[in-house]
Amino acid sequence: MENFVLHNQTKILFGKGMVAQLGTECRYFGKRALLVYGMESIKKSGLYAEITGLLADQDIAIIDHGGVVSNPLLSHVREGIKKAKDNKVDLIIAVGGGSVIDSAKAISCGTCVEHDVWKFFTGKKSIKQTLPLVCVLTLAAAGSEMNGGMVITHDEKRHKFGTGNNLLNPKTSILDPSLTLTVPKDYTVYGAIDAIAHICEFYFTTKIKAPVQERFMEGLILSIIDSCDRVILNLNDYEARSDLMWCTTLALNGWTAAGLGLVGFPMHMIEHTLSAHYNVAHGAGLSVIMPGWMASMVARQPEKFNQFSERIFKHSNTDLLKNGRAGVSSLKEIFSQWQAPVTLAELDIPESALAELARESLPLAKNWRMNDYSEKIIHEILEGCL
Ligand code: NZQ
Ligand code: ZN
């Protein structure tokens with residue numbers, strides 16, 4: 001294993017009814033909060049009313065900032081920053097999935113500076129200060145609730161860029177699996193696929209042999225498949241929702257990548273271009289890109305793919321390449337069984353779009369220092385996703 005420093009500062013309150021503690025958790029950080037949320041789900045479920053009641057009980061004034069869309073937009077983040085500055089808020093509260101939490105993170109750092117927040121995403125400025133952030137997670141997927149990452153789309157440029165900093169880690173995140181009971185099947189599946197992708201990015205891009213981390217990641221992938229299968233059978237299965245929620249948080253909270261040295265995020269790099277240009281759900285995009293990327297990598301890492309195939313799917317072909325490919329096919333088959341898209345055609349992305357998508361992936365490849373991904377290589381990977 002490589003040397004590593006692991007310091008995750010997010011306090012997690014996990015379980016049914018934990019949301020009741022929101023007011024006291026927030027009170028600690030001040031009396032004026034910007035409340036960031038999405039389009040309609042929290043109003044429909046009654047969570048909005050519950051949360052505003054809990055905050056009122058603690059005399060916390062709320063400045064409302066709803067309307068975050070999936071694949072969240074920079075323009076809405078900028079509006080949030082203006083509200084936060086005008087109202088001199090002490091903290092940000094995010095109630096929702098990854099899009100809401102990422103927007104809240106961008107607002108939390110953008111409020112502390114005079115320059116435009118997008119400079120953090122292009123690497124022109126670095127984050128030195130943030131407002132405290134408290135989250136209530138309503139969707140098991142992105143892992144943003146326990147990490148320092150954020151992903152925002154520039155409205156005009158259609159660049160979907162991600163960046164990270166430890167200061168962006170939420171102070172507290174409330175993970176109540178019962179809040180995810182209303183998530184429909186498609187978004188439940190997309191969340192599971194997103195978390196599998198987070199793990200696979202690290203699993204397949206590390207150059208380090210790390211048996212403990214490998215077993216940890218394989219265990220998480222198996223648990224995600226198992227818990228997602230159970231949720232699909234019964235969307236109201238609290239235990240299955242709990243298992244899935246904890247897995248998706250663990251997939252991207254720093255523990256999976258610890259000790260792996262330099263890792264890449266190539267599937268995300270390509271998917272972010274898809275969702276920026278075609279506004280597809282992040283997990284749906286990964287469901288297409290992941291099997292295509294993996295298929296293009298088997299021959300380069302036959303041992304690793306063979307191990308994945310043996311340990312996840314119990315395939316035992318003695319030909320390493322064939323066995324590795326069988327594992328990739330099995331993963332794709334699971335996504336199909338979950339009724340997630342596995343081809344670009346299912347996302348209504350035509351072959352004629354590949355050249356532009358490959359070209360548009362390059363700025364993010366450069367930002368994330370994945371210099372071995374040329375336009376030609378990305379194009380070939382996308383061809384494998386048709
Ligand atoms: O807007 P509302 O009405 O709330 O509906 C949302 C949205 O339509 C709905 N939803 C959320 N909770 C629900 C619910 N519907 C019913 N019941 C509930 N309890 O779900 C839809 C999708 O929400 P969204 O937040 O977009 O999904 P997700 O959590 O998958 O987040 C996706 C975003 O996270 C980014 C992605 O790129 C994408 O922009 N990511 C962030 C990461 C990070 N910060 O570490 C890492 C990830 O790789 C990812 O890139
Ligand atoms: Zn992701």
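At 6% relative accessibility, Trp-118 counts as buried, where buried means under 20% relative accessible area with a 1.4 Å probe, protein chains only. Before continuing, I note that this is a predicted model, in which local features need pLDDT of at least 70, side-chain atom pairs count only at pLDDT 80 or more, and totals for chains, interfaces and linings use all residues. Residues are numbered from 1 along each chain as its sequence is written, and side-chain values use heavy atoms, without hydrogens and water.

Let me turn to ring pairs. Rings of Phe, Tyr and Trp (its six-membered ring) pair if their centres lie within 6.5 Å; planes under 30 degrees apart count as stacked, over 60 as edge-to-face and the rest as tilted. The count by this rule is 14 aromatic pairs. The ring centres of Trp-118 and Phe-161 are 5.5 Å apart and the planes lie at 15°, so this pair is stacked. It joins distant parts of the chain, with Trp-118 in helix H6 (residues 118–121) and Phe-161 in strand S7 (residues 160–164), 43 residues apart. Helices (H or I, at least four residues) and strands (E, at least two) are DSSP runs, numbered from the N terminus. Phe-161 is also buried, at a relative accessible area of 6%.

Elsewhere, one aromatic cluster is formed by Tyr-203, Phe-204, Phe-305, Phe-308 and Phe-313. Over the face of Tyr-203 lies Lys-304, 4.8 Å from the ring centre; for Lys, the criterion is NZ within 6 Å of the ring centre and within 35 degrees of the ring normal. Lys-16 lies over the face of Tyr-238, at 4.2 Å from the ring centre.

Technical notes: Chains lettered and ligands numbered in written order. Buried < 20%, exposed > 50% of the residue type's maximum accessible area, 1.4 Å probe, protein only.
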